[in-house]
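Please keep the sequence and the coordinates at hand while reading.

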Amino acid sequence: MAGPVLTAVRERLLAAPSVPQSELASGEGGLILLSAEGGARVPRFQLASDGTVRPVVRTVNHLLDAELDPWGAADWWLSPHAWLGAPPADLLGTPAEVQLPDLARLLTEEF
């Protein structure tokens, strides 16, 4: 059973705009899938306005090992980042999105 902090984080992440996994084209891999009542949800920031998966999202999700830790990856994308001054998801579609893979690499490097 999750404690109150984890429950609050889970609720915050599930409150972000999302789409049901069932609405995606089959074979769309590399996405964060969050389990919720009613089925898996796909946080919307991962998709471009035309519904395709953003290439930078696939890259970063791979670096963050989102398949094994979707909640951790979603938290990285949707929480404010001190260096960026915003959540990484807010930078998608802007020139600053090119920084995101490097930031994810910094997080996952072994020292």
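This is a predicted model: local features need pLDDT of at least 70, side-chain atom pairs count only at pLDDT 80 or more; totals for chains, interfaces and linings use all residues.

## Charges and overall form

Residues are numbered from 1 along each chain as its sequence is written, and side-chain values use heavy atoms, with hydrogens and water left out.

The secondary structure consists of four helices and two strands, which follow the pattern α-β-β-α-α-α when read along the sequence. Helices (H or I, at least four residues) and strands (E, at least two) are DSSP runs, numbered from the N terminus.

For 111 residues, a compact globule would have a radius of gyration near 13 Å, and the 14 Å of the protein chain agrees with this; the radius is taken over C-alpha atoms, and the globule rule is 2.2 Å times the number of residues to the power 0.38. Along the principal axes, the C-alpha atoms fill a box of roughly 35 × 35 × 25 Å. The protein chain exposes about 6,900 Å², of which carbon and sulfur atoms supply 56%, the areas coming from the Shrake-Rupley method with a 1.4 Å probe and, for residues, only the protein chains shown counting as cover.

Of the 111 residues, 35% count as buried, where buried means under 20% relative accessible area, exposed over 50%, and partly exposed in between (1.4 Å probe, protein chains only). Among contacts between residues at least 6 apart in sequence, 46% join residues at least 24 apart; a contact here means heavy atoms within 4.5 Å.

## The aromatic rings

A search of the whole structure finds two aromatic pairs. Rings of Phe, Tyr and Trp (its six-membered ring) pair if their centres lie within 6.5 Å, and planes under 30 degrees apart count as stacked, over 60 as edge-to-face and the rest as tilted.

Phe45 and Trp77 form a tilted pair, with 5.1 Å from centre to centre and 40° between the planes. This pair links distant parts of the chain, as Phe45 sits in the loop between strand E2 (41-43) and helix H2 (55-63) and Trp77 in helix H3 (residues 70-78), 32 residues apart. Trp76 and Trp77 make an edge-to-face pair, with 5.2 Å from centre to centre and 85° between the planes. Together, ring pairs link Phe45, Trp76 and Trp77 into a cluster, and both Trp76 and Trp77 are buried.

## Selected residues

The table gives the relative accessibility of several residues.

| Residue | Relative accessibility | Class |
|---|---|---|
| Phe45 | 13% | buried |
| Trp77 | 0% | buried |
| Gln46 | 0% | buried |
| Ala89 | 12% | buried |
| Pro43 | 2% | buried |
| Asp65 | 39% | partly exposed |
| Asp102 | 48% | partly exposed |

Ala89 belongs to the loop between H3 and helix H4 (100-108). Leaving aside residues up to four places away in sequence, Ala89 touches Phe45, Trp77 and Leu78; the C-alpha atoms of Ala89 and Phe45 are 6.2 Å apart, although 44 residues separate them in sequence.

Gln46 is placed in the loop between E2 and H2, and, with residues up to four places away in sequence again not counted, the residues that Gln46 touches include Gly30, Leu31, Ile32 and Val57. Pro43 is found in strand E2 and, under that sequence limit, touches Pro17, Ser18, Ile32 and Leu34. The C-alpha atoms of Pro43 and Gly29, 14 residues apart along the chain, are separated by 13 Å.

Asp65 lies in the loop between H2 and H3 and has a phi near 55°, a positive value in a residue other than glycine. Most residues other than glycine have a negative phi. Asp102 is found in helix H4, and its C-alpha atom is 28 Å from that of Glu11, at a sequence separation of 91 residues.
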